[in-house]
Amino acid sequence: MTDQALKTTPLNAAHRRLGARMVGFSGYDMPVQYEGVLAEHRWTREHVGLFDVSHMGQCKITGADATAQFQRFVPGDYEILKAGKQKYTLLLNKDGGIIDDLMAGRPDHDGLFVVVNAGNKDEDFAFWNANLEGDAKLTVLDRALIAIQGPEAAELMSAHEPVLAEMGFMETARLMLFGVDAYVSRSGYTGEDGYEISVPADQAERIWNTLLEDARVKPIGLGARDSLRLESGLPLHGHDIDAATTPVEGALTFALSKSRKERADFNGADIILQQLAEGPSRVRVGLHVKEGAPAREGAEIADADGNIIGKVTSGGPSPTLGKNIAMGFVPPAFAELGTELKVLVRGKPAAAEVIAMPFVAQ
């Protein structure tokens, strides 16, 4: 896309003033790095990284039928989700394929607050508008979203609002923060402790700059966001999972609530339950690429005899571990931890081993 065709977040001017290298991502002009991916990755693991994720989709699903209607298309049990809680779930098609992965919670008593991936948000919103029934209503929110991630995040944020120190992982609230109405969750997609805050778009730059006044905080681009989520074994939709991938194949069965499996009342339940019982034809695994260059998306995976059995979906060097890691799909027979495989990097076979995810302890 040309620069003129790219959308911008409310923080675009702030990124440019900070000297960010900007790239097109999911239709948005976004910062890929400021001082360098490696330095930004390590800073987030050691201190606090500040991420602009305002390109993500934000919405509310409200009405007396909101939860029942939302649950038709996800495998999590939201009827038992209490106010102040959120959880990760999957928007599924009729074949059990993952239309998107998302976060949905109850920061207040006004239905569900949902955050979806930037590249899928228009499709997701259209899907819900076409399929929600009863009095369930979708309202798309035009707000900024900022992620504060790292081991010092709680100390930083509690200085602005003490109650945030008491918030547990995957808890969420609607409260006044930085003088504005904010949706806050203790979550993120880096594997670190941290928060995501949804704030009015016209207040985003002020809040961003306020956070950067603290010496523990640095702005972080999409490059380090990607390497951080890879180390954490977190899938990226459109790469590691997609509409042709089921939760079983994607190694995301933790998102399938026991009660929902028993009721089998969500999109694609018959296919997913069959895979749980009989096993899928492929499964997402973690790999340590033991030699050569990093294995990137699209690299072929072979068994010990050189037979092609799968493909890498994400890969790169791990700054924390000092070795090359990757994720990809292989038949279940090759998914056991310790299985020796090969990855074709630039046409040359490199030794690889199936290892546990997350790659870095959380």
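Contact here means heavy atoms within 4.5 Å. With that in hand, welcome to this structure, which is a predicted model.

How many of the residues of α7 are buried? The count is 9 of 10, so the helix is mostly covered, given that buried means under 20% relative accessible area. Those buried residues are L222, G223, A224, R225, S227, L228, R229, L230 and E231. They pack against β16 and β17, and also against β1 (21-25), β2 (28-33), α2 (37-46) and β3 (48-52). Just after α7 comes G233, which takes a positive phi of about 70°.

Next, meet two residues elsewhere in the chain. N93 sits in the loop between β5 (86-92) and β6 (98-105), while I197 belongs to strand β12 (residues 194-200).

| Residue | Relative accessible area |
|---|---|
| N93 | 18% |
| I197 | 0% |

Why does N93 count as buried? Its relative accessible area is 18%, and the label applies because that value is under 20%. The side chain of N93 reaches the backbone nitrogen of D95 at 3.0 Å. A polar atom of that side chain also lies 3.1 Å from the backbone oxygen of A243. Leaving aside residues up to four places away in sequence, N93 touches I99, A243, N267 and G268.

I197 is buried too, with a relative accessible area of 0%. Which residues does I197 touch, not counting those up to four places away in sequence? They are A144, L145, I146, I148, M157, L177, F178, Y183, V184 and I207. In sequence, I197 and S185 are 12 residues apart, and in space their C-alpha atoms are 6.6 Å apart.

Methods. Residues numbered from 1 in each chain as written. Predicted model: local features only at pLDDT ≥ 70, side-chain atom pairs only at ≥ 80, totals over all residues. Heavy atoms only, no water. Buried < 20%, exposed > 50% of the residue type's maximum accessible area, 1.4 Å probe, protein only. Helix = DSSP H or I, 4+ residues; strand = E, 2+ residues; numbered from the N terminus. Polar contact = N/O pair within 3.5 Å; in protein donor to acceptor, adjacent residues only side chain to side chain.
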